[in-house]
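Morning, everyone. Please look at the chain first, then we'll go through it.

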Amino acid sequence: MKINTLTFETIDSTNLEALKEARLGAAEGLCIVAKEQTAGRGRQGRVWVSDRDAGLYFTILLRPQLDPKYLPLITLMAGVAVCDTLREFGLSPDIKWVNDLLIDERKVCGILAETTETPLGLAVALGIGINIRRSNFPPELAETVTSIEDASRSGSSVPSPEQLTQVLVNYLKHFYDLLNAPGGPETIRNEWTKRSTFECGKSVRVALDGETFTGVTDGIEENGALRVALADGSVKIVQAGDVQRLRTE
Ligand code: BTN
């Protein structure tokens, strides 16, 4: 995959731009990076706070040739790539199923993969937002989010968006190649499992389509969906939805 990076001072959303470019025929490997987003998109229609220079706002365009049933593994692949990127900067993140990177149980990164049909076939805008500096998070978020700056030991330097992008792109290329290689889906599931405490034995509350239930995580399915064992012995397969750790203390 050849990487071609377009950098914007301000943009509505790097994902929206990548989707637009995809429909115009842009090649796989196009990366859109912005210093700020005026309409940063989160999952489930939420807003992604994207203050100027406070985070990395990044989208890579992919044109996967995967069996469509494995498309959800692209999000897991991205989680693994971000995890290894943050480790290079001295941090120890956990991956919360399916798309959040946590440090000390607070969210430092979110991933949003959006698909579109294009004349060249299906395209995926794989958007990654990493909080680098403390930002004006709304009060309702302040308790649940963190930044690289918050999580770094005092004295250690905080990477710039450019430094983060360089390392991230290398890991994305590496793990995307692995996903596309023979046995790739299994490799990515294994890599994800090694980096996530959410994979098994975690008490969670799941909010899905207006329904909420609690259970204990019980591994992931072939396509990356989360298995949650309920108290009555049944297992729910969660394809999407919000998963929160239940605090038992
Ligand atoms: C989430 O809700 O956790 C996903 C957040 C994804 C945010 C990133 S920032 C870069 C890219 N552009 C967007 O508009 N959203 C994603």
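Where is glutamine 44 found? Glutamine 44 is in the loop between β2 (30–37) and β3. Strands here are DSSP runs of E, at least two residues, and helices are runs of H or I, at least four, numbered from the N terminus. Its phi is near 55°, a positive value in a residue other than glycine. Most residues other than glycine have a negative phi, and most peptide bonds are trans.

A word on the basis. This is a predicted model, where local features need pLDDT of at least 70, side-chain atom pairs count only at pLDDT 80 or more, and totals for chains, interfaces and linings use all residues. Residues are numbered from 1 along each chain as its sequence is written, and side-chain values use heavy atoms, with hydrogens and water left out.

Next, the other backbone feature. Tryptophan 97 and valine 98 are joined by a cis peptide bond, with omega about -5°. Valine 98 lies in the loop between β4 (94–96) and β5 (100–103).

Now the ligand. Around it are 21 residues, and Ser13, Gln37, Arg41, Arg43 and Lys107 come nearest. Being near means having a heavy atom within 4 Å. By class, that shell has six nonpolar, 11 polar and four charged residues. Nonpolar covers Ala, Val, Leu, Ile, Met, Phe, Trp, Tyr, Cys and Pro; charged covers Asp, Glu, Lys and Arg; the others, Gly among them, are polar. β6 gives the most to the shell, with four residues.

Which atoms meet the ligand? The side chain of lysine 107 has an N or O atom 2.5 Å from a ligand oxygen. For arginine 41, a backbone N or O atom lies 2.7 Å from an oxygen atom of the ligand. Threonine 14 has a side-chain N or O atom 3.0 Å from a ligand nitrogen.

Last, salt bridges: a side-chain nitrogen of Lys or Arg within 4 Å of a carboxyl oxygen of Asp or Glu. The count comes to 17. One of them pairs arginine 195 with aspartate 84, closest N and O atoms 2.8 Å apart. That pair links helix α6 (residues 184–195) to helix α2 (residues 73–88), with the two residues 111 apart in the chain.

Methods
Polar contact = N/O pair within 3.5 Å; in protein donor to acceptor, adjacent residues only side chain to side chain.
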